[in-house]
Amino acid sequence: MIVFYKTSVKCKSGVYEFLDFLKKSNIKMCIASATATNLIDIVLDACNLRGYFDKIFSCGDIGKGKECPDIFLIAKDYFDVDVSEICVFEDSLVALQTVKSLGMQTVGIFDKFNYNQDEIKAVRCDIEFTNYYEEKLLLQGIDFVFERNI
C-alpha cells in the first residue's frame with residue numbers, strides 16, 4: 001500500500017497552478033480525508049504538496065467517517081469561520097451529502113476510479129469539474145483529491 005501511494009498517486013491536471021492561485025490569494029486550506037494520516041503524508045511528500053495546506057485531518061484520527069459531520073466541523077473550527085465561508089472539494093457521494101447538509105459549498109470532483117459518479121452528479125454540487133483548469137475559486141477549506149496514475 002505504501003509503495004502505491006509513493007509511486008502511483010499523482011495530482012490531477014492543473015492542481016499545482018490551482019493551488020498556487022489559492023495560496024497567492026491567501027486562501028486557507030486543509031485536508032479532511034478518510035485516508036490514514038501516514039498515507040496522506042506520503043502523498044504530500046511524493047507530490048511536493050505539503051506547503052499548500054495548513055492542517056491535515058483524518059477520519060481515522062477522529063474516529064468517525066465522512067457520513068458524520070465531525071471532520072468537516074473540526075476543519076471549520078480550526079479556521080474559525082462560518083460554514084458559509086467553506087468550500088469542500090469532494091469525490092465521495094456520502095461526504096458530499098454530509099457537507100451539503102451542513103450548508104457548506106461543494107465542489108464535486110469526478111474521477112473514473114470512484115464509484116457512484118452518476119449519483120454524485122445528482123447531489124447537485126455548487127460546482128462540478130474533472131480538472132482544476134476548469135475553475136478558479138476563492139475557498140476557505142478544501143478536501144483534496146488525487147488521481148491514480150495507471
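Start just after helix H3, where asparagine 48 takes a positive phi of about 60°. Helices here are DSSP runs of H or I with at least four residues, strands are E runs of at least two, and both are numbered from the N terminus. You are looking at a predicted model: local features need pLDDT of at least 70, side-chain atom pairs count only at pLDDT 80 or more, and totals for chains, interfaces and linings use all residues. Residues are numbered from 1 along each chain as its sequence is written, and side-chain values use heavy atoms, with hydrogens and water left out.

Stay on asparagine 48 for a moment. It sits in the loop between H3 and E3. Is asparagine 48 buried or exposed? It counts as exposed, at 64% relative accessibility; the cut-offs are under 20% relative accessible area for buried, over 50% for exposed, and partly exposed in between (1.4 Å probe, protein chains only). As background, most residues other than glycine have a negative phi.

For another residue of this kind, select aspartate 80. Its phi is positive, about 55°, although it is not a glycine. You'll find aspartate 80 in the loop between H5 and E4, and it is exposed, with a relative accessible area of 70%.

Now go back and colour H3 itself, residues 37-46. Leu39, Ile40, Ile42, Val43 and Leu44 are buried there. What covers them? The cover includes helix H1 (2-7), strand E1 (9-10), strand E2 (30-33) and E3, where contact means heavy atoms within 4.5 Å.

Next, pick serine 58 in strand E3 (residues 55-58). Serine 58 is buried, with a relative accessible area of 1%. Its side chain reaches the backbone oxygen of threonine 35 at 2.8 Å. Show its neighbours too: leaving out residues up to four places away in sequence, serine 58 touches Ser33, Thr35, Ala36, Thr37 and Ile71.

Time for the charged pairs. How many salt bridges does a search of the whole structure find? It finds 5, a salt bridge being a side-chain nitrogen of Lys or Arg within 4 Å of a carboxyl oxygen of Asp or Glu. Select arginine 50, which is partly exposed at 35% relative accessibility. Arginine 50 pairs with aspartate 41, the closest N and O atoms being 3.3 Å apart, and with aspartate 45 at 2.9 Å, N to O. Aspartate 41 is partly exposed, with a relative accessible area of 25%, and so is aspartate 45, at 49%.

Then jump to lysine 66 and glutamate 90, whose side chains meet in a salt bridge (2.9 Å, N to O). Lysine 66 lies in the loop between helix H4 (59-62) and helix H5 (70-79), and glutamate 90 in strand E4 (residues 87-90), so the pair ties together parts that are 24 residues apart in sequence. Both lysine 66 and glutamate 90 are buried.

Finally, zoom out. The protein chain has 7 helices and 7 strands, running α-β-α-β-α-β-α-α-β-α-β-α-β-β from the N terminus on. Of its 150 residues, 45% count as buried. Among contacts between residues at least 6 apart in sequence, 63% join residues at least 24 apart.

Definitions and conventions. Polar contact = N/O pair within 3.5 Å; in protein donor to acceptor, adjacent residues only side chain to side chain.
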